[in-house]
Amino acid sequence: MVWTGTWVAERLGVELIGDEELPALLGLALRRNPKRAHLLVSSVLGKHVPQHPSVVYGSGLGLGLRVRELLGAEEAARAVVLGYAETATALGHAVADGIGTAPYLHSTRRPVPGAATAGGFEESHSHATSHLLLPEDPELLSGEGPLVLVDDEFSTGNTVLNTLRALHARHPRERYVVVALVDMRGPADRDRLTAFAAELGARVDLVTLAAGTVLLPDGVLEKGQALVARHEAEPVPAPPRRSPAPRPAPRPVRIGLDWPAGVPDGGRHGFTPEHRARLEAALPAMTGTLTRALADGPAADGSPRVLVLGFEELMYAPLRIAGALEDAGLDVRYSTTTRSPVLAVDDPGYAIRTRLVFPAHDDPADGPGDRYAYNVAGGGFDAVVAVVDSAADTPLLHAPDGLLARLADHIPHVVLAVLPSYAPRATEPATGTGTDPATTTGSRTGEDSDTGTAPVTVVEAPERSSMLPEPLRGPAFSSYAPEEVGWLLQDLSDAELEAPTEEREEAIQSGGAHYAESLPVEYQPTAAYQELFHSALEASAARIAHAVGTVTETVLAEKAGRPVLVSLARAGTPVGVLMRRWARHRHGLDLPHYAVSIVRGRGIDANALRWLAAHHDPADVVFVDGWTGKGAISRELAAALRESAEFAGFDPEIAVLADPGSCVRTYGTREDFLIPSACLNSTVSGLISRTVLRADLVGPDDFHGAKFYRELSGADVSGAFLDAVEARFDEVAADVDTGVKELLAADRTPTWEGWAAVERISEEYGIHDVNLVKPGVGETTRVLLRRVPWKILARRGAGADLAHVRLLAEQRGVPVEEVDGLPYTCVGLIHPRYTRGATGADGKAVATR
């Protein structure tokens, strides 16, 4: 087998001497770099050469085990691992995993506004030199235990010397361990590190896979540059495509991986053993999602050769995902894109055979420029999983000359997985829509001319209006599990938004305020009412499960591919969670689920739609709500989408659990019955308030807001509601299957009979405002919990479905009037001419017309 350094060695006289393992670990290529001619190309790093993920991860893990043995258990427990961007970020992670107890941080070339800078240093031979240290925990690097420095190669030792000088000046310690795949220093460089360690008064150990030396003849830099220039000037044949004839590039498939909430996407701000444990717990589900996506590819024999392609510093997460796919039996290789400009020569004796060039797509701090993927084209891959963070999910990624298009030119099946860019707690959360606080410009000052060390000051650039945060998730926001729903909202928990119900009603009806500008005080029902809730849940769980199954199966039957559930917060969110659970329980599908705000008279949150469009195909989005009353929200959504060409790709149809008003085509039932999630406020909806839209709190580039009522956790029944319904899924499955077949064949055209009934009631009762007529059990319950009710109209003979309505009405002193010919089980009427004088001395509503 030809050594992949032969081509360079023969032309430049470069020699690689040392341990016998070196030729298997390293090849040679030529840099397009004025500081160094050659590039040592690792075959086990997973950067330039696609490699089995088990080999890549195993190399680092083994080094970490050796470090642990060197230090001993006691010292290993005090150690911190520091890796170098960009090539050694995953290697450092793996070393930390091998040590087992060590937190991990890697340097970064991505400034992050507001992140405290713990230091910086220079990498003198690199094309991009400045490294930043941005730990979320300011104490991470200040301990006295051993510091383990990890790089892919140890060539001159300058980078390590610069790092040690900078960090030891701030936080001196007694022991350092330098870890690399290969130690390629010459004798002078080895002596220099020994002397430096003595100067510091610290012990410095080295752990490597192999050692040797690169012998460079005189004039090698100039010869190398001339050789690169000559080859760059020659016409370069395009890398071979998978099919000989031109074909339309396949459309990349975007998937959601349900990355565990709160787990950083890498070590830029720190990564702990606890983070690793949570990631490993989530890997099986992510592997299942990817396996299904890859099974839809074009591999003829059903066993695709897969490349998992990471993104610059984002190396560890893609590596672990690739390893999980390999463990599942797939033929997988792993590599990442890179900033490094390297000459490509299609020769078996050269380490870089092919090169894909595409524009930087993460708005880098050092400005626009080319990025590269090596040895990908012509690699015989049937599928590629491109893994990027949300900061890099920009229009340039999807552009005709972008990375995805370049991959599609050579690989039949392209899958895109976007991980949420992690923002440290001290940073303004501003990621998403292809941007991230980490992509803003920084300046570096204060270089030490004697050492080359550069303490770094980050200067914050103005945030761009397109920056949107990643979804909020539990347990930080809501009591739902993080995978159940991502809230496209901003957290207003610290804002004073509650007002007495009577004051809100007067302001709303007088035109002085919109209902979404404040929140009602969370009504906490009596013990008797809560007992009624539990009884109602027990009695109706199977009925709700049937409706959940029906609406979910209808969506799956009519929405090709993998639907993205987008519930209308907050009434739609428990339904969205249940639909997601049904899809997983019956079909093994992990459907993405987000919650967004829609406000009557103001429309749906446009920024939330922009986030969705940036992360999913709008055609896959299914809007979900709890029930329809008179169809006002259905009309609101349709109007909002119709008025903006920007959102033309979204389908305005809403899927609901119950459609008593006959306002939608996709529903679980058209019966008007008690849905227990309507019985309570936040305590059955993940402890989240209704949504808020107020100009002083929600800017033009913000998501709408909501509050998380953590203090009500003792009364929270959100999980109990979901679990009780899910427990009945198997019981109703057969009936659902039969019913859905009939439903799909039936005429489901909305008749809007509910709207006609509301208009009639509004006039008959002298209200003259359909917004004050709330039809259906769910809407009537809301009136009693949040508004100033005038009276309740109940269909004569309605039984147990109205027990909770009657109890609430009695508690609030609201009359219940039984009527004939009502298309709903009940209708709630808000007081039509409300002022605080419209209540009696006891605070109960006056019922006169």
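Helix α17 covers residues 729-745, and its 17 residues at 1.5 Å a residue should span 24 Å; the end C-alpha atoms lie 23 Å apart, which agrees. The model is a predicted one. The helix is bent by about 35 degrees, at aspartate 735.

Which residues of α17 are buried? They are Phe729, Val732, Ala733, Val736, Val740 and Leu743. An α-helix has 3.6 residues a turn, so residues three or four places apart point the same way.

Strand β2, residues 26-30, is mostly covered, with five of its five residues buried. In a regular strand the side chains alternate between the two faces of the sheet. In β2, Leu26, Leu28 and Leu30 point one way, while Gly27 and Ala29 point the other way. Residues on both sides of β2 are buried. The strand runs antiparallel to β3 (residues 38-42), and five bridges join the two.

Of the 849 residues in the chain, 60% are buried. Among contacts between residues at least 6 apart in sequence, 77% join residues at least 24 apart. The accessible surface of the chain comes to about 31500 Å², and carbon and sulfur atoms account for 52% of that surface.

Notes: Residues numbered from 1 in each chain as written. Predicted model: local features only at pLDDT ≥ 70, side-chain atom pairs only at ≥ 80, totals over all residues. Heavy atoms only, no water. Buried < 20%, exposed > 50% of the residue type's maximum accessible area, 1.4 Å probe, protein only. Contact = heavy atoms within 4.5 Å. Areas by Shrake-Rupley, 256 points an atom, 1.4 Å probe, with all protein chains shown as cover. Helix = DSSP H or I, 4+ residues; strand = E, 2+ residues; numbered from the N terminus. Expected span 1.5 Å × (residues − 1). Bend = angle between axes of the 7 residues up to and from the residue. Pairing = 2+ DSSP bridges.
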